[in-house]
Amino acid sequence: MRCSPVFLSLFLFALTSCAGNANRDDDYLPRIGGDSKSLENSANETLQQLQLVSTNFVSAMLQIPELNPALLTLQVSRPNTAFGNTLVRALEDAGYGLQRVSADQGRHYVTYSHRFSETEAGPVTDFELRVGDIDLHREFVIDSSRIFPSSLMSVNGIKQHLDIVLDDDVFREQGGETQAFISGVSGGPNGISAIHEVKVNAYDETPKALRTTQASVLDNARKRMSLNEASQKRPEMSNHERIRRTVLIFDNTSTRIMGAGNKLAVRLLVRDRQVSDIFVVTACTDADGQNDEAVERGIRVEEEFVSHGVPADSVWLAPCVRASYRHASDDSAVPVEVVQHRQKL
């Protein structure tokens, strides 16, 4: 049986369309337990907007000590809305462990809402995310297929002071008519965090392929949290003595993958740990004393200790130190030093 050229063309078009939708969904669906049907009636622009909002909320979560992904597992139900899918995907990409439940179960159950309302200031789209007792809320406006914050992000239920920085400049990459919005966070024990104005102009529009990725925003948020903790929690070790120095080896300057050998070394250190022990992690030994990739390796080692039950305040990420022995172009294996200190008897 021979097929007509018209039939073959229609068949190939259908295959291409299905593949295009599948690829599109891969950007927004959770890797496990997503609902592709809830995305079918959403335009690409709408999904991109929801992804921006989801990334905005999850990047704030990553900077809340009580919501450190190394310390807790979140309980989530199967998402059945477009916003729910993009939000759960962002939680996955942020490194949270997710436990799938059928109802409101667990201490860290995730609930969320997406509402449209008419206000005295005009139409507003309202988003809310709640994890246990911690609540995040922000309003947005949609302007000709673009979305921009129209309020500070409200964060309630946290016990420690606010030190959250939002990467709101990513909204500028949409471009648009000249306008401005306020970036910052309100709520918590100390009220409002530092705020600044973000101005948007038509020439700010960035090709979609060149815009800041979700992964980049989330990595920056995790880095801020770890560096803030490191600067604020310099341990008091006057009554401690150095008992062990361990050097972990990473394959190259750009990797954050621990590898089996490094993971084993950390497990052995944790196994020998006493309650008062302090681990000092030095990852940044760069020629100019500053290296984002090295800091990320240090954060990865810190997260590995915490994942084994070591309290975050018992692992300290030391500041960068200047080193002259390594050229900036050197991409060979790199060390991360871990020094274990124990309280004197």
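Reader: Which residue's side chain joins that of Asn201 through a polar contact of 3.2 Å?

Author: Start with the idea: a polar contact is a pair of N or O atoms within 3.5 Å; within protein, one must be able to donate a hydrogen and the other to accept it, and residues adjacent in sequence count only if both atoms are side-chain atoms. Here the partner of Asn201 at 3.2 Å is Tyr203. The side chain of Asn201 also has a polar contact of 3.1 Å with the side chain of Thr178.

Reader: Before going on, what sort of model is this?

Author: This is a predicted model, where local features need pLDDT of at least 70 and side-chain atom pairs count only at pLDDT 80 or more, while totals for chains, interfaces and linings use all residues. Residues are numbered from 1 along each chain as its sequence is written, and side-chain values use heavy atoms, with hydrogens and water left out.

Reader: Is Asn201 buried or exposed?

Author: Buried means under 20% relative accessible area, exposed over 50%, and partly exposed in between (1.4 Å probe, protein chains only). Asn201 has a relative accessible area of 15%, so it is buried. Across the 345 residues of the protein chain, 46% count as buried.

Reader: Which residues are in contact with Asn201, leaving aside its neighbours within four places in sequence?

Author: Contact means heavy atoms within 4.5 Å. By that rule, Asn201 is in contact with Gly175, Gly176 and Thr178. For the protein chain, take the contacts between residues at least 6 apart in sequence: 70% of them join residues at least 24 apart.

Reader: How many salt bridges does a search of the whole structure find?

Author: A salt bridge is a side-chain nitrogen of Lys or Arg within 4 Å of a carboxyl oxygen of Asp or Glu. The search finds 17 of them. Take Arg115 and Asp126, whose closest N and O atoms are 2.8 Å apart. Arg115 sits in strand β3 (residues 110–119) and Asp126 in strand β4 (residues 122–131), so this pair ties together parts that are 11 residues apart in sequence. Arg115 is partly exposed at 41% relative accessibility, while Asp126 is buried at 8%.

Reader: What separates Asp219 and Arg222 in helix α5?

Author: About one helical turn, because they are 3 residues apart in that helix. They form a salt bridge too, with the closest N and O atoms 3.9 Å apart. Asp219 is partly exposed, at 32%, and Arg222 is buried, at 13%.

Reader: And which residue forms a salt bridge with Arg245?

Author: Glu337 does, with the closest N and O atoms 2.6 Å apart. Arg245 lies in strand β11 (residues 240–250) and Glu337 in strand β16 (residues 334–343), so the pair ties together parts that are 92 residues apart in sequence. Arg245 is partly exposed, with a relative accessible area of 48%, and so is Glu337, with 23%.

Reader: What is the order of strands in the open sheet of 4 strands?

Author: The general idea is that strands of a sheet pair through backbone hydrogen bonds, either parallel or antiparallel. Two strands count as paired if DSSP finds at least two bridges between them. In this open sheet the order is β11-β16-β12-β14, with mixed pairing. β11 and β14 (315–317) are the edge strands, each pairing on one side only. From one strand to the next, the twist averages 20°.

Reader: How many bridges join β12 to β14?

Author: There are 3, and strand β12 (residues 278–282) runs parallel to β14. Val280 stands opposite Trp316 in β14. Helix α6 (residues 259–271) packs on the sheet, touching β11, β12 and β16, and its direction makes about 165° with that of β11. For such angles, axes are lines fitted to C-alpha atoms, for helices over the stretch in contact, and the angles run from 0 to 180 degrees between N-to-C directions.

Reader: Is Arg107 buried or exposed?

Author: Arg107 counts as exposed because its relative accessibility is 72%. Look for it in the loop between β2 (97–100) and β3. Not counting residues up to four places away in sequence, Arg107 touches Gln75 and Gly132.

Notes. Helix = DSSP H or I, 4+ residues; strand = E, 2+ residues; numbered from the N terminus.
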